[in-house]
Amino acid sequence: MLSLRRTSLVAPHLQRAHPRVFRILSLSTRTDSQLSSVATSTQVAAATSLTLSERVGVYSQLSKARLSSLVVVTAGAGFFMMGGPISWSSFAALAVGTTLASASANTFNQAYEIRTDGLMKRTMMRPLVQGVVSRNHALAFGAATAVSSTAILAAGCNPLTAGLSLFNIGLYSCIYTPMKQTSEWNTWIGALVGAIPPVMGVAAANGLMLSPEALLTGSALFMWQMPHFFALSWRLRHDYARGGYKMIPCADPTGARTAGVIMRYALGLTALPVAAAATGATSYMFAVEGLAINAYALNLARKFYANPTTANANKVFFCSLWYLPAVLGLMVFHSKNWTKDDEKVVQGERQADGSIYAILETDAAIEEESFKSLPVADRLKDFVLSTRAQLKEVCLHEYLWKSAEKNTPLKTDDSHLFCPVVATEAAADTAAAVQRLTK
């Protein structure tokens, strides 16, 4: 009786002086069912008392706004790879629909990982872990954004784009998210999820899922995620292990396996600009510029491979942050789809004379004719082609095969042989000639 009386006298004082301590002590004496009911009531009260700005902030965190922005950028890259004429209404639907689809997938992901998020330092402050909103509230938001995104993409783009979006939400939420706890292959599934948005962009522009542009942009995203994510997960391997995730860096104390994966995919990315030019999706200048960027990224991957340290992982990770927008931007800039309609006008000249010089002269004519016939309303196409025309005057390989003065014949010496375009086309002509002779 005496102890109970002392407790009743101390409790009010403790509650006034140290409310947090009092709450912890009071919760520690309750059963699991009581704690669950307290947590639920707290979440409901918190959700109903949120202001509009606070709700926007919570939905932004559930959506992982920065990650969703990156997803929209990659979808936009696929869309603009197809060149003009541009349907701005389709692009607007693609941007809004992709944003909502990414928000849905990320919300479902967090609703599934409340327990594991609470174990990791980088995720323990997320809204569902903190009880700012209830799990049911988050699931309702995820379902609403999924339905909205599918409807917008179907109406504003086409059913194929909407189907890819819905498939990606399911792949991320139902396959990738639970797989993180069971298999190291989850990273490859996650990379596939990241590769689909640019394919959605291509599909929104031309209604096709299988095209060189879709394969190139999708492959770029798939391979880029390996150096990006494995460098990040190596830095945070102890935190991921605390959450119970099956990641290669968590079971790789020396870093050899992690560095090997990064190195292999860095090499794969190096071949991508050449493949883009060889398939005719971009000009050969993308191959030149892309190889220069990849040489730097590959060197950082090589350093991490030789010495897997956190410092070298940081270099790979921060390089990946600017690498993706740079490569996608150049791929779009050098896409041949910007001049595809104008190529048909002068295609006869190329067929009349199949020599290297005629090919190069025809390319120059295409650029000039395209620039003259630009629709005034299409400012983006105007910017791309006018910038190309200006850069062409200072381009090294142009200097190698053209005379110093304008409107003069091509050089007759051997300097033009160093031009990447000439060298590649000459190799292709030689291979074709050998094939004809061997038949």
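1. Confidence. pLDDT is the predictor's confidence in each residue, on a scale from 0 to 100. This is a predicted model, in which local features need pLDDT of at least 70, side-chain atom pairs count only at pLDDT 80 or more, and totals for chains, interfaces and linings use all residues. Residues are numbered from 1 along each chain as its sequence is written, and side-chain values use heavy atoms, leaving out hydrogens and water. The protein chain has a mean pLDDT of 80, with 68% of its residues at 70 or more.

2. Over residues 344-360 pLDDT stays under 50, and the model has 20 contacts (heavy atoms within 4.5 Å) beyond four places in sequence for them. Residues 20-45 also stay under 50, with 17 such contacts.

3. Helices are DSSP runs of H or I with at least four residues, and strands are runs of E with at least two, numbered from the N terminus.

4. Record. An unreviewed UniProt entry lists residues 188-208 and 214-232 among its "transmembrane region" spans; such annotations may be inferred rather than shown by experiment. Residues 188-208 are 90% helix and 0% strand, with end C-alpha atoms 24 Å apart. Residues 214-232 are 100% helix and 0% strand, and their end C-alpha atoms lie 27 Å apart.

5. Lys-64. This residue lies in the loop between helix H4 (52-63) and helix H5 (65-80). Lys-64 is not a glycine, yet has a positive phi of about 50 degrees. Lys-64 is buried, with a relative accessible area of 18%.

Technical notes: Buried means under 20% relative accessible area, exposed over 50%, partly exposed in between (1.4 Å probe, protein chains only).
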